Amino acid sequence: RYTGDKSQLLTQNVPVIMSRDPRIIAQMEKIKKLDSVSVKGVLVTESIKKQAFCTECGQKNAKDGVIVYVAPVFIESVHPNQSTKEATDDLYLHQEVSNEVEVIGNLCTSVEKVDAVVKTPIVQYQVAITRTYRINEETTDYPWVKCFGDNAKEAEKKLKKGSKVLIDGCLQARRALVH
């Protein structure tokens, strides 16, 4: 999806999809590599300890972090058994409706500039989102939002702590091992 950074690159992200619902798990087990998947779900944040190991001395480092995932209420494979080329072509064709996230929340932080090596302006802020669908005992999620380019400039001008926002964006996720 276009994110405001004026990039024309097709970027593939790997958002985490997790469920404890046996019906959803049964559906997920049918999905194969390269299948295009339709998911309707709930954005969930969960506090975790992020761990890393120093490659030189082997020391384990841990810090508080947050994992963001989608808890599906519906999931199905819409284009199964694709080749790598077919899957890539399908993603490219559907890029504007792929990886969509819409949430309403309130800013719990001020908008902060992010120092980056690129010239594109980047800002971030944390949003409190009240969950309408119960996944666990938590009823509010606190994801961090990043804006790029023109979107970052507008956010910096117009948003402040406490602002109510509608976010129409996408999940950007790093590959992570989830336990």
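1. Terms and basis. Two strands are taken to pair if DSSP finds at least two bridges between them. Helices (H or I, at least four residues) and strands (E, at least two) are DSSP runs, numbered from the N terminus. The structure is a predicted model, in which local features need pLDDT of at least 70 and side-chain atom pairs count only at pLDDT 80 or more, while totals for chains, interfaces and linings use all residues. Residues are numbered from 1 along each chain as its sequence is written, and side-chain values use heavy atoms, with hydrogens and water left out.

2. Overall composition. The chain holds three helices and nine strands. Of the 179 residues in the chain, 26% are buried; buried means under 20% relative accessible area, exposed over 50%, and partly exposed in between (1.4 Å probe, protein chains only).

3. Contacts and surface. Contact means heavy atoms within 4.5 Å. Among contacts in the chain between residues at least 6 apart in sequence, those joining residues at least 24 apart account for 66%. The chain exposes about 13000 Å², of which carbon and sulfur atoms supply 52%. Accessible areas come from the Shrake-Rupley method with a 1.4 Å probe, and for residues, only the protein chains shown count as cover.

4. An open sheet of three strands has the order 1-3-2, and its pairing is mixed. Strand 1 (16-17) and strand 2 (36-53) stand at the edges with a single partner strand each, so one side of each has no neighbour in the sheet. Strand 2 pairs with strand 3 (residues 60-79) in the antiparallel sense, over 18 bridges. Within this pairing, serine 36 has histidine 79 of strand 3 as its bridge partner. Strands of a sheet pair through backbone hydrogen bonds, either parallel or antiparallel.

5. Helix 1. Helix 1 (residues 22-29) lies across strand 1 and strand 3 and runs at about 80 degrees to strand 3. For such angles, axes are lines fitted to C-alpha atoms, for helices over the stretch in contact, and the angles run from 0 to 180 degrees between N-to-C directions.

6. Two loop residues with positive phi. Most residues other than glycine have a negative phi. Leucine 34, in the loop between helix 1 and strand 2, has a positive phi near 80 degrees. Leucine 34 counts as partly exposed because its relative accessibility is 30%. Asparagine 99 belongs to the loop between helix 2 (84-93) and strand 4 (101-107), and its phi is positive as well, near 60 degrees. With 25% relative accessibility, asparagine 99 is also partly exposed.

7. Strand 6 and its burial. Is strand 6 enclosed or left open by the rest of the structure? Eight of the nine residues of strand 6 (residues 122-130) are buried, so the strand is largely enclosed by the rest of the structure.

8. Partners of strand 6. Strand 4 and strand 6 run antiparallel and are joined by two bridges, with leucine 107 opposite valine 127 of strand 6. Strand 5 (residues 112-113) also pairs with strand 6 in the antiparallel sense, over two bridges; here glutamate 112 stands opposite glutamine 124. Antiparallel pairing with strand 8 (residues 144-148) extends over five bridges, and glutamine 126 stands opposite tryptophan 144 of strand 8. Strand 7 (residues 140-141) pairs with strand 6 in the antiparallel sense over two bridges, where isoleucine 129 has aspartate 141 of strand 7 as its bridge partner.
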